[in-house]
Amino acid sequence: MTDAPTLPDRLSTDPNSPFYDEAVLSREVGIRFKGVEKTNVEEYCVSEGWIRVTAGAAKDRFGNPLTIKLTGPVEPYFKR
């Protein structure tokens, strides 16, 4: 058995977010959304059933990537 930390219900890759956790992200988290592997997920919430993905190369007025919220079953897992 491994002593791997459990994945949080909500996680973000944005360091300014209150849901950012560097220790968890350092272990390479993978996301399966509606049974399909997603690589461009910025934030997820398992209990509410949504992910935020980047919308191409578009940026907001602060230079942050624009995101789109998609709803459906979310399955986070550790890649290693």
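Predicted model: local features only at pLDDT ≥ 70, side-chain atom pairs only at ≥ 80, totals over all residues.

Mentor: Residues are numbered from 1 along each chain as its sequence is written, and side-chain values use heavy atoms, with hydrogens and water left out.

Trainee: In what order do the elements of the protein chain run from the N terminus on?
Mentor: Helices (H or I, at least four residues) and strands (E, at least two) are DSSP runs, numbered from the N terminus. Read from the N terminus, the order is β-α-β-β-β-β-β-β.

Trainee: What is the radius of gyration of the protein chain?
Mentor: The value is taken over C-alpha atoms, and the globule rule is 2.2 Å times the number of residues to the power 0.38. For 80 residues a compact globule would come near 12 Å, and the protein chain agrees with that at 13 Å.

Trainee: Is Glu43 buried or exposed?
Mentor: Glu43 lies in strand β4, residues 41-45. Buried means under 20% relative accessible area, exposed over 50%, and partly exposed in between, with a 1.4 Å probe and protein chains only. Because its relative accessibility is 12%, Glu43 counts as buried.

Trainee: Which side chain is joined to that of Glu43 by a polar contact of 3.0 Å?
Mentor: A polar contact is a pair of N or O atoms within 3.5 Å; within protein, one must be able to donate a hydrogen and the other to accept it, and residues adjacent in sequence count only if both atoms are side-chain atoms. Contact in general means heavy atoms within 4.5 Å. Not counting residues up to four places away in sequence, Glu43 touches Arg10, Leu11, Ser12, Phe19, Trp50, Ile51 and Arg52. The polar contact of 3.0 Å is with the side chain of Arg10.

Trainee: How does Ser17 count, buried or exposed?
Mentor: Ser17 sits in the loop between β1 (10-12) and α1 (22-25). A polar atom of its side chain lies 3.1 Å from the backbone nitrogen of Phe19. With 16% relative accessibility, Ser17 counts as buried.

Trainee: What is phi of Lys34 near?
Mentor: Most residues other than glycine have a negative phi. Lys34 is in the loop between β2 and β3 (36-38), and at 54% relative accessibility Lys34 counts as exposed. Its phi is positive, near 55 degrees.
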